Amino acid sequence: MSVISAPESIERRAGTDAQDAGFAYQRCRWCGTPSFRRLLCPVCASSELKTEYSAGPGVVVQSRVVHRGTGVARNEALVRFPEDFVVPCRIVGTAPHMVWLGAAVRSVVNAAADSGEVLFELVDDLAAEHDPYGRLR
């Protein structure tokens, strides 16, 4: 009988704070497919998912401004991570119309979204290189 230890990424990052650890996602132990908030692997339907952390910032691949449900406009986006999984989320900390495709984002630390939403913010050092229309300066 073998003992399954914690994944290396969790052990390696146990001493770091949440911002340095990256965005948590699951990877199937059988086929290696990355996924987010799943009970079963979307490819092989295995329930053996291990938690890993993203290696870098995500990139906005779809963004839209939504006025539904509240009088205040908000941004809803799809973010792709280097491990090739996509997360539906909300971008906060900037005006909803200021989020451009290709923008680098990171997870918001200590965010308490009451509806269970995933919240991201623009990476500051990359946001400074773009003008309000999303073009490089």
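Modeller: Ring pairs link F23, Y25, F36, F81, F85 and F120 into a cluster. Before we dig in, this is a predicted model: local features need pLDDT of at least 70, side-chain atom pairs count only at pLDDT 80 or more, and totals for chains, interfaces and linings use all residues. Residues are numbered from 1 along each chain as its sequence is written, and side-chain values use heavy atoms, with hydrogens and water left out.

Colleague: Okay, how many aromatic pairs does the structure hold, and what makes the pair of F23 and F36 tilted?

Modeller: There are 7 aromatic pairs. The centres of the F23 and F36 rings are 5.2 Å apart and their planes sit at 35°, so this pair counts as tilted. The rule is that rings of Phe, Tyr and Trp (its six-membered ring) pair if their centres lie within 6.5 Å; planes under 30 degrees apart are stacked, over 60 edge-to-face, and the rest tilted.

Colleague: Why do you say that F23 and F36 tie parts of the chain together?

Modeller: F23 is in the loop between α2 (18-21) and β1 (24-28), while F36 is in the loop between β2 (34-35) and β3 (49-53), so the pair joins parts that are 13 residues apart in sequence. F23 and F36 are both buried, which means under 20% relative accessible area; exposed is over 50%, and partly exposed is in between (1.4 Å probe, protein chains only).

Colleague: And why does the pair of F81 and F120 get its label?

Modeller: There the centres are 5.7 Å apart and the planes at 45°, so F81 and F120 make a tilted pair. This pair links distant parts of the chain, with F81 in the loop between β5 (74-80) and β6 (86-91) and F120 in strand β8, 39 residues apart. F81 and F120 are both buried too. Helix and strand names here are DSSP runs numbered from the N terminus (H or I, at least four residues, for helices; E, at least two, for strands).

Colleague: What makes something part of a nonpolar core, and which residues have the most contacts inside the largest one?

Modeller: A core is a set of buried Ala, Val, Leu, Ile, Met, Phe, Trp, Tyr and Cys residues joined through side-chain atoms within 4.5 Å. The largest has 18 residues, and F23, V60, V79, V87, I91 and F120 have the most contacts inside it. At least two of its residues come from each of β5, β6 and β8, and β6 gives the largest share, 3 residues. In soluble globular proteins, nonpolar side chains tend to be buried together.

Colleague: Which residues does F120 contact, leaving aside neighbours within four places in sequence?

Modeller: Contact means heavy atoms within 4.5 Å, and the F120 list includes F23, V79, F81, V87, C89, I91 and V105.

Colleague: In which sense do β6 and β8 pair, and over how many bridges?

Modeller: That one is parallel, over 2 bridges, with R90 opposite L119 in β8.

Colleague: Is D84 buried or exposed?

Modeller: D84 has a relative accessible area of 51%, so it counts as exposed. D84 sits in the loop between β5 and β6 and takes a positive phi of about 75° although it is not a glycine. A45, in the loop between β2 and β3, has a positive phi as well, near 65°.

Key
Pairing = 2+ DSSP bridges.
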